[in-house]
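Here is a briefing on one protein model. Please read it beside the sequence and the coordinates.

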Amino acid sequence: MKRIIGLTALPLTLALAACGSSDEAKTADATSSAAPIAAPAGQSWVDTITQTDEGGFVMGNPNAPIKLVEYASLTCSHCAEFADKGVAALKEKYISKGTVSLELRNYVRDPIDMTAALLSRCGGTGPYFQLTEQMFAAQSEWLNRFQSLGEEGFKRIQSLPPAQQFGELAKAGQLDQFVQQRGVSSQKAAQCLADKAAVDKLVAMNKKATEEYNLTGTPMFMINGQVVPDTAAWEALEPKLRAAGA
């Protein structure tokens, strides 16, 4: 396993770099126009989770006319803010109607982010969104544990064989315990943290986001394949969804 990103930077730097602005764009609202699309009998669109070949996880109607994509970093405070203030409304008002689907793509900014992403994806489609939302909700708690590692602690982890580094980071931030308490066994978590193919997929997602979509900060949103700028906050994104006919 290659060292994807250097581990020598201080934890605080890792937690803040490349996280997008939370400034809210002022955009005129538009009237929602799409008629609800019924989910299959006995099912809910919010509980319908699939995975794309590209590596993203989709919540909602796979054939929804409005396809929302979010690139998010688990160490990004603005992504956590969107998860807190926007996701519940997005589910209730749009995904549950079948008119909007949400594809979440991890954008990995640093080794801590990689560790969290590998664990959030470890259980597959079933627990992915729940684990991700819970990681965002507890973000300050586990990032603070990495703060206490200090530069020497990061240097110690960097000195380990590459295949062991993410596992050691998970222990340092107690992220291994976090997912175990939510149904991911210790053996499964260890396998995911040492999975080179999973790391390579996340690196490829980063490459595409940077090269094809010119991603410079998170969260970044796309509606039906088009990047929607200045929409880091729900108050800015929702009018764009309504204007698209959601």
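The protein chain exposes about 11,100 Å², and carbon and sulfur atoms supply 49% of that area. Accessible areas come from the Shrake-Rupley method with a 1.4 Å probe, and for residues only the protein chains shown count as cover. This is a predicted model: local features need pLDDT of at least 70, side-chain atom pairs count only at pLDDT 80 or more, and totals for chains, interfaces and linings use all residues. Residues are numbered from 1 along each chain as its sequence is written, and side-chain values use heavy atoms, with hydrogens and water left out.

**Whole chain**

- The protein chain has 12 helices and six strands. Helices (H or I, at least four residues) and strands (E, at least two) are DSSP runs, numbered from the N terminus.
- Of the 246 residues in the protein chain, 50% count as buried. Buried means under 20% relative accessible area, exposed means over 50%, and partly exposed is in between (1.4 Å probe, protein chains only).
- Take the contacts in the protein chain between residues at least 6 apart in sequence: 81% of them join residues at least 24 apart. Contact means heavy atoms within 4.5 Å.

**Confidence**

- Mean pLDDT for the protein chain is 88, and 87% of its residues reach 70 or more. pLDDT is the predictor's confidence in each residue, from 0 to 100.
- Residues 1-17 stay under 50 in pLDDT, and the model has 48 contacts for them beyond four places in sequence.
- Residues 22-30 also have pLDDT below 50. That stretch has 15 contacts in the model beyond near neighbours in sequence.

**Helix α11**

- Helix α11 covers residues 196-213, and its 18 residues should span 26 Å at 1.5 Å a residue. The expected span is 1.5 Å times one less than the number of residues. The end C-alpha atoms of α11 are 25 Å apart, which agrees.
- Val199, Leu202, Met205, Asn206, Ala209 and Tyr213 are buried in α11. They cover an arc of only 120° around the axis, which puts them on the same side of α11. The arc is that of the directions from the helix axis to the C-beta atoms.
- Ala197, Glu211 and Glu212 are exposed on the other side of α11.
- The buried residues of α11 pack against β3 (66-72), β4 (100-106), α4 (111-120), α8 (162-172), β5 (220-223) and β6 (226-228).
- Asp195 caps the N-terminal end of α11, with a side-chain oxygen 3.1 Å from the backbone nitrogen of Ala197.

**Helix α10**

- In α10 (residues 186-193), the buried residues are Ala189, Cys192 and Leu193. Seen down the axis of α10, they fall within an arc of 95°, so they line one face of the helix.
- The cover over the buried residues of α10 includes α4, α8 and α9 (175-180).

**Single residues and their contacts**

- Leu104 sits in strand β4. Leu104 is buried, at 7% relative accessible area.
- Leu104 and Phe57 are 47 residues apart along the chain, and their C-alpha atoms are separated by 5.4 Å. Not counting residues up to four places away in sequence, Leu104 touches Gly56, Phe57, Glu70, Ala72, Tyr128, Phe129 and Thr132.
- Glu238 belongs to helix α12 (residues 234-243). Glu238 counts as buried, at 13% relative accessibility.
- The side chains of Glu238 and Tyr94 are joined by a polar contact of 2.8 Å. A polar contact is a pair of N or O atoms within 3.5 Å; within protein, one must be able to donate a hydrogen and the other to accept it, and residues adjacent in sequence count only if both atoms are side-chain atoms.
- Lys91 is in helix α3 (residues 87-93). Not counting residues up to four places away in sequence, Lys91 touches Val46, Met59, Ser96 and Glu133.

**Backbone exceptions**

- Most residues other than glycine have a negative phi, and most peptide bonds are trans.
- Asn214 is not a glycine, yet has a positive phi of about 55°. Asn214 lies in the loop between α11 and β5 and is exposed, at 58% relative accessible area.
- Pro219 is found in the loop between α11 and β5. The peptide bond from Thr218 to Pro219 is cis, with omega near 0°.
- Asp230 is not a glycine either, and has a positive phi of about 60°. Asp230 lies in the loop between β6 and α12 and is exposed, at 58% relative accessible area.
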